[in-house]
Amino acid sequence: MNIYADNAATTKMSEAAVRAMTDCMQNCFGNPSSLYRIGQRAKERLEEARLAVADIIHAEPREIVFTSGGSEADNQALLSAAMIGKRKGKNHIISSAFEHHAILHTLKKLEKNGFEVTLLPVHENGIIRLAELEAAMREDTCLVTIMMANNEIGTIQPVGAIGELCRQKGILFHTDAVQAVGHLPIDVKAQNIDMLSASAHKFHGAKGVGFLYCRKGIALSNLIEGGAQERGKRAGTENLAGIAAMAAALKESVDGMDRNNAHQAAVRDYLIQGLSEIPHSALNGDAKQRLSGNVNFSFEGIEGESLLILLDQRGISASSGSACTSGALDPSHVLLSIGRIHDVAHGSLRLSIGEDITMEEADYIIRNVKEVVAYLRSFSPVWRDLVTGKKEFILQ
Ligand SMILES: *Cc1c(COP(=O)(O)O)cnc(C)c1O
């Protein structure tokens with residue numbers, strides 16, 4: 001059996017997206033900035049995609065800037081909001097401890113440039129608390145950036161309530177919605193979102209393309225200078241084939257959203273139930289307030305990397321709770337942020353299932369994770385210390 005369960009890392013392009021992409025490459029190769037018909041046809045195609053993407057999140061076409069993906073959109077949103085704040089003498093930013101590195105590393109850069117950053121805790125359930133957000137807001141706060149759904153543990157943040165609070169206080173609100181777009185309903189107007197980042201390859205589009213929504217009236221700063229593409233906010237000849245494919249993929253994802261979420265949530269809950277039968281294990285993040293495709297578990301006494309490799313040999317592609325930073329395996333900052341200690345965070349597994357997952361595949365995953373965890377524990381020195389009472393179990 002071959003099961004791809006790493007859709008939070010990237011997804012396979014949909015057939016509709018591949019068709020849109022190849023059609024563009026073959027039949028619409030003009031430069032959208034050229035004035036002759038071949039160029040103008042490309043321009044039309046670009047604007048059709050912009051309209052389609054804007055409609056889906058209840059934005060206006062001119063509020064959409066196409067980018068090279070989620071990281072670029074995050075960088076541009078944060079740096080722009082910081083510039084706006086600076087002009088008004090406001091240099092405080094609020095975010096959360098478990099954001100994607102595209103956010104956290106940009107915040108680090110801003111800190112080096114005189115900004116002050118408050119990272120809200122996300123607690124054991126992986127959700128920020130509104131009262132703590134409100135308490136952190138100051139006269140000089142220029143931006144709140146909180147992700148819509150976490151990429152590792154899938155927890156969904158109360159974005160509408162955050163947006164409302166920010167609007168009341170006159171603070172810009174950006175959300176990294178890379179894991180949410182195409183998977184959750186989004187209405188930037190109703191949710192009071194000022195800026196939002198998205199990436200096509202997380203909803204069956206191509207890699208290397210995404211978009212930034214920026215409410216009209218908010219001045220974006222450029223990351224890339226050059227031509228006047230994207231209303232002068234992002235220079236460079238447009239990745240038309242990628243953009244057309246993104247619009248096709250997004251439309252398809254949104255059309256199937258309710259059905260996909262219902263199916264995935266049923267399989268997710270079945271997986272959670274099956275895996276929680278493993279002794280000394282725990283689900284990471286809230287059980288219900290999470291993406292329908294996300295299952296994230298910690299198993300005491302094992303190494304997540306070994307688990308991954310053995311699961312790969314059994315045809316299961318998944319992800320662990322560690323990241324390779326400068327050659328060393330560091331436990332994920334997300335798992336640490338919800339209070340998992342280093343050892344426990346190391347023994348973690350993320351399964352991000354897709355629309356096509358079957359119950360038979362879920363059974364196969366449960367059986368194999370159980371076997372591999374037991375096998376790894378059978379020769380783990382940490383596990384031996386735990387069962388002999390030399391060390392205390394953390395997970396019951
Ligand atoms: C994948 C991801 C990103 C980065 O998007 P890219 O298009 O790969 O640059 C940013 N934020 C979150 C939450 C993600 O899951």
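1. Let's start with the crossing of two helices: α9 passes α12 in a right-handed crossing. Please keep in mind that this is a predicted model. Helix α9 covers residues 304–313, and its axis lies 10 Å from that of α12, with an angle of about 130° between the two. That angle makes α9 oblique to α12.

2. Which residues of α9 and α12 meet? From α9 come Ser306, Leu307, Leu310 and Leu311. Their partners in α12 are Asn368, Val369, Val372, Val373, Tyr375 and Leu376.

3. A word on α12 itself, which spans residues 359–378. Its 20 residues reach 29 Å from the first C-alpha to the last, close to the 28 Å expected at 1.5 Å a residue. Buried positions in α12 include Asn368, Val369, Val372, Val373 and Leu376, and these residues also take part in the contact with α9.

4. Now to the nonpolar cores. The largest has 63 residues, and the members that touch the most others are Val144, Leu196 and Phe211. Helix α7 (residues 240–255) gives this core its largest share, nine residues. Apart from it lies another core, of 30 residues, with Ala5, Leu271, Leu311 and Val372 among them.

5. Leaving aside residues up to four places away in sequence, Leu196 touches Met148, His174, Thr175, Ala177, Val181, Ile186, Val188, Phe211, Leu212 and Tyr213. Phe211, in that list, is itself one of the residues with the most contacts to other core members.

6. Asn192 is not a glycine, yet its phi is positive, about 55°. Asn192 sits in the loop between β6 (172–176) and β7 (195–199). Buried or exposed? At 16% relative accessibility, Asn192 counts as buried, given the cut-off of under 20%.

7. The other spot is Glu230, also a residue other than glycine, with a positive phi near 50°. The loop between β8 (210–214) and α7 holds Glu230. With a relative accessible area of 7%, Glu230 is buried.

Conventions. Residues numbered from 1 in each chain as written. Predicted model: local features only at pLDDT ≥ 70, side-chain atom pairs only at ≥ 80, totals over all residues. Heavy atoms only, no water. Core = buried A, V, L, I, M, F, W, Y, C linked by side-chain atoms within 4.5 Å. Buried < 20%, exposed > 50% of the residue type's maximum accessible area, 1.4 Å probe, protein only. Helix = DSSP H or I, 4+ residues; strand = E, 2+ residues; numbered from the N terminus. Contact = heavy atoms within 4.5 Å. Expected span 1.5 Å × (residues − 1). Axes fitted to C-alpha atoms, helices over the stretch in contact; angles between N-to-C directions. Parallel < 35°, antiparallel > 145°, perpendicular 65-115°, else oblique. Left-handed = near helix turned anticlockwise from the far one by under 90°.
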